Structures are given as structure tokens and as C-alpha cells.
Amino acid sequence: MSSENGTHGAQATVNGGISFWYADDGIPTAREPLPGDASADVVIVGGGYTGLWTAYYLKKAAPFLRITVLEQKFCGYGASGRNGGWLYNGIAGRDRYAKLHGHDAAVRLQEAMNDTVTEVIRAAAEEDIDADIHHGGVLEIAYTPAQLARLKAFHAAEVAYGEKDRTLHGARETAERVRVFGAVGSTWTPHGARLHPVKLLKGLAAAVEELGVTIHESTPVTEIKPKHAVTPYGTVRAPYILRCTEGFTASLKGQRRTWLPMNSSMIATEPLSPAQWESIGWEGRETLGDMAHAYMYAQRTADGRIALGGRGIPYRYGSRTDNDGRTQPATIEALRAILTRFFPQLASVAVTHAWSGVLGVPRDWCATVTLDRATGLGWAGGYVGSGVATTNLAARTLRDLVQQDSGQSGPTDLTTLPWVNHKVRKWEPEPFRWLGVHGMYATYNAADHRELTTHTTTDSRLAKAANRIAGRA
């Protein structure tokens, strides 16, 4: 764990050390690596939320299965241990799935995501996992005229996808929830909760082991092929090999251009005083976002801090990933600027922790879950930053796909959702993807700056250009 002197407040900023979420009890003691060649019924590559939830639901459904999880570092090393703690009903690619499969199919997908928020809370309670969950919903705010126009369009779209319990608020009602400087409107959904990502992860890993699943850590998988997961310590053979590696997928042989590892960075403040919280409000502890093109995400933590994230440096050349979450000082200052833009009264508050991580981005920005019945290879991911809940839906879907393929069950509501077996082309080779991603986010940032300074009521043409670069248009 490294640290550097903060430029605000009396405390130094702990920079890296995986994430703030590990600050209380540190990095866990590693489980034993794979001892040699082995066999199983199902091998799961990746010990994050997707892998552990998949192991959990498969073992609960079929206790006789021999399930092995292989993790290159330790469970929760990746995005599952570094995210913003947003358990919410967003899913990447819903609009595209509506175009490909029809509006009703996309509505079914959205309803499944709504139910997933409740399912995670239910499963955590059943397994006695205390993850600081507060079911306060999601509040997304606008503070420029263009953002307000996007917010109203976003709200209308969500209602059209079946969210009849979503509400739209003006400036006064927004301030009654949280006093964000200059906020002119907001939209709120009950389908969201704040949580402590690592407490959920550690509790889930313990529950999986209690069920009889084998977890090997410090065991990087270098190649996945039909019925084989290859590691430096040996090969595990199984009829089903499920890839659950999200932002680290590019490190696998043959997967360099499958999903782009997008960087996201976060800061956490020192605990705020009662007077500071009184000035902010936020008593409902909703997860908090905005309608900027280069959006932010934040939560009020159980110990009274603000944890806030954004993009920072979006991508490293050659799909490289970091080692310990260390974040550039300029990114820390950029996130602090967002914090004080929202809450100017916190200008002197210390940022005690900063960290970064990677998330998986497919070329069409659509999350997917797949099982190839010819090879037994499966995968799930490409969550584009919405993985805390989507991993759970993906895991239950992988369970159903494996059970269907093995003859234990037929098709289910989950196996017929439109994101199942979706195919997408690979990302461009370097240097084109580096140039494209950095150009995209530079354009988004320029669009946000223009909207903030000109008070335009329409989307900047810069943002529309960035959407075309991204493949979102």
C-alpha cells in the first residue's frame, strides 16, 4: 500500500492498496493455489462477483456438482473489490437489445434487473452477510439545462421500460433529498441500494466455501479451451469452463480484443461531521449520480464518508491493467473537483483514500451471458460499470444454461432473455483503440465543459460525435 501527501486537509491520501474497502481489515490471507492437475464438473475462472455468485447458485441448485473456482490473485482483487457500491437496476445494452429483439424483450430484461436488486439483498440476509446495505434507491441529478433535458428523456425512457415506481423531481424536491449545488432536477428509482463491496464479496466467498465449492487463489489461468483451464500449476479439466474475468479478460490467450479494460477511479473523504451532513442532507442515503456525459457516481458510506468515482485515465495502451489501484494525482484532484462542485462546503475536507480499477467494455457496450453448447465454454460480463447487480443476474442465468445443457432442466425465463448468447465483434487493434477511447473521453469532457459554460439546453454536438466513436450511436 502506498501513500502520498494530500493537498487538502491534514491527512495524507492513501493511494492504492487495492481500494478503500479493504482499509478496515486489510488484504485477506490468500487461499491455497491449485496443487496440480485436477478435474471438476464445472470450472469457474475468476473469483469476483460473477464467479462466486455462479458457484453459489449452481451449488445450491445441484449440490452434487464438483465446482472449482480459479482466481489469479485473491477473490475481490478486481472490480468486485473496487467499485462504488451501487447495487442498482441498470444494465448495459438494453436499448440495443430493444432494437434487436423488440421492446417487450427489453422490458423483460429490465424487470429481471429490478428483481435482481431485491435478490441480492435477500441472499445477503439469508447468508447472514452484513454488507452495510441500505435500500435507499438511486437518485440521478441534473445541474445544467442540457443535463435537465437528458434527465427528463432518461426518466421517460425508464418509465417506458416498465419502471412505474420511478419519480421525477424539480429543484426544490431534489434539495429535500440532497443539497447538490445548482441542482435543477432529479429522477429517483427505488430499485437500488448502497453497500460495502468487499463485505459482500468476503461474505459470499465464505458462503460458497461452506457449500463445498473449492476456491484456489494465486492461480492465474493463462488459457481457456474446451474442457480445459490451463494454469502454471496444472490444468483443471471439466465439461464446463465458465469465464468470469470481466476487465481482466484481455490477459487470457486469444482474448486481447474481446473486452476493453476501462479504468475507473474513486476517492473517499474523511468522515464528515454532523454539521457537514446537516448542510448536505442526503438522509435517504440514495446512491447518487448525475447526467454529465463523463458521469460520476457516489455513495454515503456507513461510516459517514463520501465515496465518489469517475473515469480518470480511461484506458492504458495495449489493454494493460494496474497492479494495486494506484491513481495519478491529477485524477485525484479531478475527482475532488467534482466533490466540491457538488458540495462547495466540503472544500477543506480531506480525501483519505484514492484507488482505481478496471471494468469490461464490449465493442457494442452490451453486457452478455453465453454458454456454447458445442464446447461447454461459457462466459458473462461486459457490464460497463453496472456489475454489482448484473453479476447476480448473469450468475443465475449461467446456472440455468448449464442445467439446461446437462439435461437437469429445460429453458427458463432467464435463459430466454435477449442478452443470452449475444455476439459482438472485437475491438480494433492498437493504436486505434487507444486513440479512440482517449479521443472519446476527451470529447465527452469537452462537451460537459461546453454545456456548463454556455447553458445550452441541447446535447453538445461533441457528445454526439463521441457516441459515434464509442459505437453507442
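Ala 142 stands opposite Gly 185, a residue of strand β9. The model is predicted, so local features need pLDDT of at least 70 and side-chain atom pairs count only at pLDDT 80 or more, while totals for chains, interfaces and linings use all residues. Residues are numbered from 1 along each chain as its sequence is written, and side-chain values use heavy atoms, with hydrogens and water left out.

Helices (H or I, at least four residues) and strands (E, at least two) are DSSP runs numbered from the N terminus. Two strands pair if DSSP finds at least two bridges between them.

Strand β7 covers residues 138-142, and five of its five residues are buried. Buried means under 20% relative accessible area, exposed over 50% and partly exposed in between (1.4 Å probe, protein chains only). Val 138, Glu 140 and Ala 142 point one way from β7, whereas Leu 139 and Ile 141 point the other way. On its β17 pairing, Glu 140 has Gly 289 as its bridge partner.

| Strand pair | Sense | Bridges |
|---|---|---|
| β7 and β9 (residues 185-189) | antiparallel | five bridges |
| β7 and β17 (residues 287-290) | parallel | four bridges |
| β12 and β13 (residues 228-231) | antiparallel | three bridges |

A further open sheet holds four strands in the order β3-β14-β13-β12, with mixed pairing. Because β3 (38-39) and β12 (223-225) stand at its edges with a single partner strand each, one side of each is left without a neighbour in the sheet. Ile 224 is placed opposite Ala 229 of β13.
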